[in-house]
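Please look over the model below with the notes that follow. They cover strand pairing, ring contacts and one surface patch.

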Amino acid sequence: MYTGIVQAVRPLLAVTTHPGHNEFTVELTPELLDELKIGASVSVEGTCLSVTEIAGTQVKFDAMTATLERTNLRFFKAGQGVNIERSAKMNAEVGGHLMAGHIATTAEIVELSIEETGAFITFRMPPEWAKYVFARGFLGVNGCSLTVADVDDTLVKINLIPETLRQTTFARYKTGELINIEVDHQTMVLVDVVERTLKNTLAREKLLP
C-alpha cells in the first residue's frame, strides 16, 4: 500500500524491451534504498512494481505487457524522471489517501496550466471510469494523491499547489499525453453497489403486475 505522497522524482536510466515485458532501471537515493530488498514493491509513476535487481544505486523493475497496456509506462524513455514512493510501513502517517498502485486506466491531458497565480490540470477520463470520480473526492494521479476540484461529465480538473509541482513529474507533461489514474477503491465499491441495487429494484418493479 502507498500513501499517495511522492517521495522523489528519480531518473529513469534505461528501458529494455523483452518479449512480454519491459525492464526499467531507476537510480534511487540512499534514503529510498534503505532496507530495500528484491521483491519489494515500489510505486513508479503510480504503478506498483516489484524490485528485480539492486546494483548500487541502480534498481531494476519489470512491467508485464498487461501493465504496459493499462498504464503510460509503455511510453517511458531513458532520461526522463519518474515519481517514486516506497510502500508504506506500519503506523506510517497517511498524508494523502491509501493507494494500492493498481492503475485503473489512463486519462488524456486536455489542459495543463502552470502560472504564478495558480496551476491546474484537466484531463478526460474514459466514461466507464469517470463515474467513480466526484468533486472533492480523492484520485490517484501518477501516484500522487490529489483532491478533485471539478468534474464535468468525463472532464476532471485538479488544482496543483507549488509543492506538488516541485515534488512530482506533472510539470513535464504536455497536452495530449496520458497520465495514470487510480480511482478510490471505496468509492468504486459504493458506486457499483448503488448501481446494482437500483438495477435489481427496477427489474423487480417491471415484474410486478
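1. Strand 9 (residues 138-141) and strand 13 run antiparallel and are joined by 3 bridges. Within this pairing, Leu-139 stands opposite Val-183 in strand 13. Two strands are taken to pair if DSSP finds at least two bridges between them. Helices (H or I, at least four residues) and strands (E, at least two) are DSSP runs, numbered from the N terminus.

2. This is a predicted model, in which local features need pLDDT of at least 70 and side-chain atom pairs count only at pLDDT 80 or more, while totals for chains, interfaces and linings use all residues. Residues are numbered from 1 along each chain as its sequence is written, and side-chain values use heavy atoms, with hydrogens and water left out.

3. Strand 13 is also joined to strand 7 (residues 105-115), by 4 bridges, and these two run antiparallel. Here Glu-108 stands opposite Leu-178 of strand 13. Strand 13 (residues 178-183) is mostly covered, with 5 of its 6 residues buried. Buried means under 20% relative accessible area, exposed over 50%, and partly exposed in between (1.4 Å probe, protein chains only).

4. How many aromatic pairs does the rule give? The count comes to 2 aromatic pairs. The ring centres of Phe-24 and Phe-76 are 5.5 Å apart and the planes are at 65°, so this pair is edge-to-face. Rings of Phe, Tyr and Trp (its six-membered ring) pair if their centres lie within 6.5 Å; planes under 30 degrees apart count as stacked, over 60 as edge-to-face and the rest as tilted. Because Phe-24 lies in strand 2 (residues 21-27) and Phe-76 in the loop between helix 2 (65-70) and strand 6 (81-86), the pair ties together parts that are 52 residues apart in sequence. Phe-24 and Phe-76 are both buried.

5. Trp-129 and Tyr-132 form a tilted aromatic pair, at 5.7 Å centre to centre and 55° between the planes. Tyr-132 counts as buried because its relative accessibility is 8%.

6. Two charged ends sit over rings. That of Lys-157 is over Phe-120, 4.5 Å from the ring centre, and that of Arg-172 is over Tyr-173, 4.3 Å from the ring centre. The rule requires NZ of Lys or CZ of Arg within 6 Å of the ring centre and within 35 degrees of the ring normal.

7. Leu-190, Val-194 and Leu-198 make a nonpolar surface patch of about 290 Å². A salt bridge is a side-chain nitrogen of Lys or Arg within 4 Å of a carboxyl oxygen of Asp or Glu. Accessible areas come from the Shrake-Rupley method with a 1.4 Å probe; for residues, only the protein chains shown count as cover. Val-194 lies in helix 5 (residues 185-207) and, at 43% relative accessibility, counts as partly exposed.

Methods. Patch = residues over 30% accessible without salt bridge, like charges linked within 9 Å, V, L, I, M, F, W, Y side chains within 5 Å.
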